[in-house]
Amino acid sequence: MSAPIVKAPWPLARCAQAAVAAAVATDAYRAVTVRAHLLHPRDTSLSASGRASMVHVYVMTAAIVLFLVWFSRCRRNAVLLSPGTVRGSAAWAVAAWLIPVLNLWAPRGLVLDVQRASGPGTPEGRDRVLVNVWWATWVGHALVVTVGTRVERGTSLALLLVSIALNLAAGALAIAVVQRLTARQATALEATLPVAGAVDLPRPA
């Protein structure tokens, strides 16, 4: 009996990309609305900034869930493509993104592991560079947000603009990472399975 057909997770990739874009947009709107309320509480109501924050939390939660589901599927495919080369367990591949402080560096290594196990990539390691730049902008955004909440009660325009710029960059790069890794797996899976379902791939432990 042949194993189920293994495919690159394109539908999940598209959902994750759309959710990331929506999360970036709602975060920018939330940041601007909250600052406006802090500066001009009479003109921008607390309920308006509260609604903006609530919408962002919902959208961000959806983006996190979809991204992690996509990444889990990519990791599973990577284990099938290159058994024994992906470190850690499937549970760790999700938990590492959610543990505070640890999630500032551990997930980057997980993405690079899955990337390496998913077949040859672009010349000169551009896929690795893409991951590194994405991660640097994401961590930079997190640090600027942390500093911004402690400076001028979160009303600094300069920090707000830097935060939004880094968030936009991190979001765009995350979408690019999803695209590149999914495409990489699609190419590797097509080469491994020239006839759909004709080859039995080992199942991950």
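Which residues form one aromatic cluster? Phe 67, Trp 70, Phe 71, Trp 97, Trp 134, Trp 135 and Trp 138 do. This is a predicted model, where local features need pLDDT of at least 70, side-chain atom pairs count only at pLDDT 80 or more, and totals for chains, interfaces and linings use all residues. Residues are numbered from 1 along each chain as its sequence is written, and side-chain values use heavy atoms, leaving out hydrogens and water.

Let's start with the rings. Rings of Phe, Tyr and Trp (its six-membered ring) pair if their centres lie within 6.5 Å; planes under 30 degrees apart are stacked, over 60 edge-to-face, and the rest tilted.

| Pair | Centre distance | Plane angle | Class |
|---|---|---|---|
| Trp 134 and Trp 135 | 5.3 Å | 80° | edge-to-face |
| Trp 135 and Trp 138 | 5.1 Å | 25° | stacked |

Trp 135 and Trp 138 both sit in helix 5, 3 residues apart, about one turn of the helix. Buried means under 20% relative accessible area, exposed over 50%, and partly exposed in between (1.4 Å probe, protein chains only). Trp 134 is buried at 4%, Trp 135 is buried at 6%, and Trp 138 is partly exposed at 31%.

Now for the helix packing. The axes of helix 5 and helix 6 (residues 157–192) come within 8 Å and cross at roughly 150°, so helix 5 is roughly antiparallel (over 145 degrees) to helix 6. Their contact (heavy atoms within 4.5 Å) divides into 17 nonpolar, 6 polar and 3 charged residues.

Conventions
Axes fitted to C-alpha atoms, helices over the stretch in contact; angles between N-to-C directions. Helix = DSSP H or I, 4+ residues; strand = E, 2+ residues; numbered from the N terminus. Parallel < 35°, antiparallel > 145°, perpendicular 65-115°, else oblique. Nonpolar A, V, L, I, M, F, W, Y, C, P; charged D, E, K, R; others polar.
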